[in-house]
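These notebook entries record what I looked up about aromatic rings and their surroundings.

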Amino acid sequence: MTSYSKNEVLIQVKDVNLSYDKQILRDINFAIHNIVRPGLSQGQVVSLIGRSGIGKTQLFKILAGLIQPNTGTVLVGLEQQPVKAGQVGIVAQNYILFNHRTVFDNLRLAMQHSSITLNDKEKDALINDYATKFDLAEHLKKYPLQLSGGQRQRASIIQQVLTGNKFILLDEPFSGLDALMIDRVIELLLKISTLDELNTLVIVSHDVENSLAISDTAFILARQKDKEGATITETLDLIEMGFAWNPAIRENEKFQHLVAQIKHKI
Amino acid sequence: MELLKTIFSPLTQIKGRTSIILIVVEAFLALLLWEIVGQNGLIPVPSKILTSVVAIVTSSYFVDNLFSSLTLTFTGMGISIVLALLVSYLSLIPVFAPIAKFIVKCRYLTLTGLIFLFTLLTQDGHQLKLSLLIFGIVPFFVTSLLAIIEAINVQEYELCKTLRMNNWQTLWEVVIIGRLDQVFEVMRQNFAIAWMMITMVEGLSMSEGGLGTMLIKSNKYIDLGTVFGILVIIFALGIFFDFLLRNLRHWLFPYTKIQVKK
């Protein structure tokens, strides 16, 4: 097995409860650790898997600091401070960008309030560098409406990376994509995760197979019998299971068996 | 034969050129029918209206009247846009929201009963006309602008938060510059209301002239040829400005062309 260690906590969710007219989320507890692999900038890719309508989007917004839970806290960063909007990047399912700005301007805007301190020239160079890395260089002058779904997704992810956020939440990143595109998205996300040691991608999805294939850790969000509200019912350490960091893992028989088991559970 | 089948089939997309041919042919047929059937009627036929249009346009008083109407319309529109934008943007600050809601309801307030009040409040005929025009347009403007603001996807505000913008920066990015193209579209649509109202308000104070004044005077003497001639001019100018504003929108905001294509 590849040598690795799980070090400091990067994101910690403590006793989160959310209810409106009924309980949506109940006693959500989990932690994401910094995974260190010698000689690599190994970021973290974590999945929150649950079926549609279970409350994933609400948890997504709580993690991003966009809504407050009724009780509980979300702590982020090495300092473990309560999350504030802007500390965690989000990539919505429909890849929201500002339609009145070109792709370049959208990316430039992300750097306006960024934690990265660069001068204008350096900022432009960084944008061009990312655009080249993620096949967007020839689309920088286009408006978002001129991009394909995949290009929009890439622009949206890069926009969040450029804010300097190490933590990025992705809502259903595989939704509505064909098999070929899914492979490209997985490749892209793995690339993003390895840009920095602390980069942490949290994928919120109902797509069990692809989420497990890309992740090092997965949390299953489901309802327990006779209890209201969804909670974390299972944590899968995919590194320990030998399923992480393997591009061909979807063809593995044991992995397929795990996928079938989880599909049955959610 | 295939073309005939296409133009009579529901939900069929027709190409731009076919669409133009259809408009021209149908307009021509309608005018021809009017010309033939209306020979002995009270309403003047197209050829007589066309003669009147030429006579009006070449008359010495036309340019002055046209200029007077256009000045009043553009001044009214300009002030109305500024007021409506101010009210709409301020409506996002809770303390100003009731004012915006009240102005929206003012669409149901008739101008006729308020003319006396406006006469007392204004100093001359020009101010009276301008005030009535603004009072007539602003509620419609604010209604359309508030609809645009309400239709904004909440995810855009969330994106601003993740990009670490404060509330003022979010307001600027999403509501003000992000919706400027739609404001322009609202302006184009409401120009029609202003242009329609111009003839009414010009009738309240005729000293400055204007197309409305010309229309009322011709109506008084039942000079139907001139009345219809002026109506045609007003109609044509309205369509011309609509075309101009639409193209100006595409030029100022190139991304709106992509939306149209999609």
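I took buried to mean under 20% relative accessible area, exposed over 50%, and partly exposed in between (1.4 Å probe, protein chains only). The model is predicted, so local features need pLDDT of at least 70 and side-chain atom pairs count only at pLDDT 80 or more, while totals for chains, interfaces and linings use all residues. Residues are numbered from 1 along each chain as its sequence is written, chains are lettered from A and ligands numbered from 1 in the order in which they are written, and side-chain values use heavy atoms, with hydrogens and water left out.

Entry on ring pairs. I paired rings of Phe, Tyr and Trp (its six-membered ring) with centres within 6.5 Å, calling planes under 30 degrees apart stacked, over 60 edge-to-face and the rest tilted. Over all chains, I found 14 aromatic pairs. A:Tyr130 and A:Phe134 are stacked, because their ring centres are 6.3 Å apart and their planes are at 10°. Both A:Tyr130 and A:Phe134 are buried.

Entry on chain B. B:Phe118 and B:Phe135 pair edge-to-face, with 5.2 Å between centres and 65° between planes. B:Phe118 is buried at 11% relative accessible area, whereas B:Phe135 is partly exposed at 25%. I also noted a cluster in which ring pairs link B:Phe74, B:Phe191, B:Trp195, B:Phe240 and B:Phe241.

Entry on charges. I counted a charge as over a ring if NZ of Lys or CZ of Arg is within 6 Å of the ring centre and within 35 degrees of the ring normal. The charged end of A:Lys133 sits over the ring of A:Tyr130, 5.5 Å from its centre. A:Lys191 lies over the face of A:Phe134, 5.0 Å from the ring centre.
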